[in-house]
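Subject: Structure handover and findings

Hello,

Here is the structure I promised to pass on. Please open it alongside this note. My findings follow below.

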Amino acid sequence: MSSENESDEIPVNVVSENESVEESKSSEYMKENSSELLDAEKQKTSECEEKLKHILADFQNLSRKTQSDIENGVNAKVDEFLLDFLKIYDDFIRARDVFSENKINAEGLDSILKNMDSLLKKYNVAPIDALGEIFDPNLHEAISVISDPNLDDNTITKEIRKGYISQKRIIRPTLVEISKKDDN
């Protein structure tokens, strides 16, 4: 029935204590080493993330500065053109006033000025109203002072040249005459 070679015993592999301790030390070393490697990789990742954040911030700042420089350049050219246009516009107004004073028909000039006014309005260029206002150095440029005890100091009494504003930028300040109370 059973042969002599067959046995009911289960083969057992006996491991000495020394071998088990060595395997345990090796496993512990691998855990420590992989933990150190993981910490080093986390540190590298953190450093790369910081560098990336700095580079992204630099890029965003450069992008904003470039956009601002472009806008400022365009605005400067537009303002330069508007100043030249306003000189011609002023000449037309003076011509119309001379024609009106001499009772010469100025309908043609009125039509041209109406078109010019429409053009200025279309591009949001508005005159700065100054007469009777208090002097504001951001909007006005005083070129003369008169004594008037009936007016508050720095009241604008006369517009010498109209000023204009566009897109919250002063294209040209209004040239004005202001009042001072007599100190006597």
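Where do Lys65 and Asp69 lie, and how many residues apart are they? Both are in helix α1, 4 residues apart, about one turn of the helix.

First, the ground rules. This is a predicted model, with residues numbered from 1 along each chain as its sequence is written; local features need pLDDT of at least 70, and side-chain atom pairs count only at pLDDT 80 or more. Totals for chains, interfaces and linings use all residues, and side-chain values use heavy atoms, with hydrogens and water left out.

**Layout**

The chain has 2 helices and 6 strands. Helices (H or I, at least four residues) and strands (E, at least two) are DSSP runs, numbered from the N terminus. The order from the N terminus is α-α-β-β-β-β-β-β. Of the 184 residues in the chain, 16% are buried. Buried means under 20% relative accessible area, exposed means over 50%, and partly exposed is in between (1.4 Å probe, protein chains only).

**Salt bridges**

The count comes to 11 salt bridges. The rule is a side-chain nitrogen of Lys or Arg within 4 Å of a carboxyl oxygen of Asp or Glu. Side chains of opposite charge can pair when their charged atoms come close.

- Lys65 bridges to Asp69, with the closest N and O atoms 3.0 Å apart. Asp69 is partly exposed, at 43% relative accessible area.
- Arg172 bridges to Asp90, with the closest N and O atoms 2.8 Å apart. Arg172 lies in strand β5 and Asp90 in helix α1, so the pair ties together parts that are 82 residues apart in sequence. Arg172 is buried, with a relative accessible area of 5%. Asp90 is buried too, at 10%.
- Arg96 meets Asp97 at 3.7 Å, N to O. Arg96 is partly exposed at 26%. Asp97 is partly exposed at 34%. A network of salt bridges links Arg96, Asp97 and Asp110.

**Aromatic pairs**

A search of the whole structure finds 3 aromatic pairs. Rings of Phe, Tyr and Trp (its six-membered ring) pair if their centres lie within 6.5 Å; planes under 30 degrees apart count as stacked, over 60 as edge-to-face and the rest as tilted. Phe85 and Tyr89 have ring centres 6.5 Å apart and planes at 15°, so the pair is stacked. Both lie in helix α1, 4 residues apart. Phe85 is buried, at 14% relative accessible area. Tyr89 is buried, at 7%.

Tyr89 also pairs with Tyr164. Their ring centres are 6.4 Å apart and their planes at 80°, so this pair is edge-to-face. Tyr89 is in helix α1 and Tyr164 in strand β4 (residues 163-166), so the pair ties together parts that are 75 residues apart in sequence. Tyr164 is buried, like Tyr89. Ring pairs link Phe81, Phe85, Tyr89 and Tyr164 into a cluster.

**Sheets**

Strands of a sheet pair through backbone hydrogen bonds, either parallel or antiparallel. Here, two strands pair if DSSP finds at least two bridges between them.

β2 and β6 (residues 174-180) run parallel, joined by 7 bridges. Ile146 has Ser179 in β6 as its bridge partner. β3 and β6 are antiparallel over 4 bridges. Arg161 stands opposite Leu175 in β6. In β6, 6 of the 7 residues are buried, so this strand is largely enclosed by the rest of the structure.

Another open sheet has 3 strands in the order β1-β4-β5, with antiparallel pairing. β1 (125-128) and β5 (169-172) are at the edges with a single partner strand each, so one side of each is left without a neighbour in the sheet. β1 and β4 are joined by 4 bridges. Ala126 stands opposite Ile165 in β4.

**Surface**

Ile70, Val74 and Val78 form a nonpolar surface patch, with about 240 Å² of accessible area together. Patches are made of residues with over 30% relative accessible area and no salt bridge; like charges are joined within 9 Å, nonpolar side chains (Val, Leu, Ile, Met, Phe, Trp, Tyr) within 5 Å. Areas come from the Shrake-Rupley method with a 1.4 Å probe; for residues, only the protein chains shown count as cover. Val78 sits in helix α1 (residues 17-101). Val78 is partly exposed, at 38% relative accessibility.

Best wishes
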